[in-house]
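This report looks at a few local features of one structure. Have the sequence and the model at hand as you read.

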Amino acid sequence: TGLGRLPGTRVEVTTSAQLLGAGPARAILGAAFTIPTLKREPLDQFRVVHLATHALLPGELSCLTEPSIVASPPAGAASAQAAFLPSSEVLDLKMDADLVILSACNTGGPGGEGGGEALSGLARAFFYAGARGLMVTHWAVDDAAAALTVADTLRRQQGGATSAAALRGAQLLLLDEAGRNLPAAFAHPFYWAPFVLIGDGRRGGQPAARM
């Protein structure tokens, strides 16, 4: 597909697994993260599902007519088409998740003609599949800032905060640390403000996770 590598996603996913008590074996990384593998997972057994990858709007590639999550192509795939999970196939997933984190560019809908409506369809598909809360993005995300935001959000959530309070705390942390322990550029909304929550379905108890 020509999409760039996302080196921060490996750290993001493994850190999430540790924070959720899921262990490294729960994380599906790199070439192992394919659409067939994802569909084989018992997603209805996990309270938090975290996807850190690329996402595409319709028209970003000529072969795409739906908003799509991008995975690795299966070994021997005839084309890159097998690497896309369009919103219509998200509907077929069986989930029972308090929170689905779509840590990728534009998963909540960018501005511009048609874009917001298209990605709201992606979010809606995850709700129909069984998600009670979604953490999505309004625009392209910085790899490092996204990893920090997701990790700190989960850390706060594990401490008892609601998803909304946890995300707000993580965003304030990026703002407070910009120019100190983080790059000064992180004070710009591009870095700290792309994520938003839709719904807040977190329940009590210790969640399990599949990355």
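## Aromatic rings

Phe186 is buried, with a relative accessible area of 6%. Phe190 is partly exposed, at 32%. Buried means under 20% relative accessible area, exposed over 50%, and partly exposed in between, with a 1.4 Å probe and protein chains only.

A search of the whole structure gives two aromatic pairs. Phe186 and Tyr191 have ring centres 5.1 Å apart and planes at 20°, so this pair is stacked. Phe190 and Tyr191 have ring centres 5.0 Å apart and planes at 90°, so this pair is edge-to-face. Rings of Phe, Tyr and Trp (its six-membered ring) pair if their centres lie within 6.5 Å; planes under 30 degrees apart count as stacked, over 60 as edge-to-face and the rest as tilted. Ring pairs join Phe186, Phe190 and Tyr191 in a cluster.

## Basis of the model

The model is predicted: local features need pLDDT of at least 70, side-chain atom pairs count only at pLDDT 80 or more, and totals for chains, interfaces and linings use all residues. Residues are numbered from 1 along each chain as its sequence is written, and side-chain values use heavy atoms, with hydrogens and water left out.

## Around Thr53

Thr53 sits in the loop between strand 1 (48-52) and strand 2 (54-56). Strands are DSSP runs (E, at least two residues), numbered from the N terminus. Thr53 is buried, with a relative accessible area of 11%.

Which residues does Thr53 touch, not counting residues up to four places away in sequence? They are Leu6, Thr9, Phe33, Ile69, Val70, Ala71, Ser103 and Ala104. Contact means heavy atoms within 4.5 Å. A polar atom of the Thr53 side chain lies 2.4 Å from the backbone oxygen of Val70.

How values were computed
Helix = DSSP H or I, 4+ residues; strand = E, 2+ residues; numbered from the N terminus. Polar contact = N/O pair within 3.5 Å; in protein donor to acceptor, adjacent residues only side chain to side chain.
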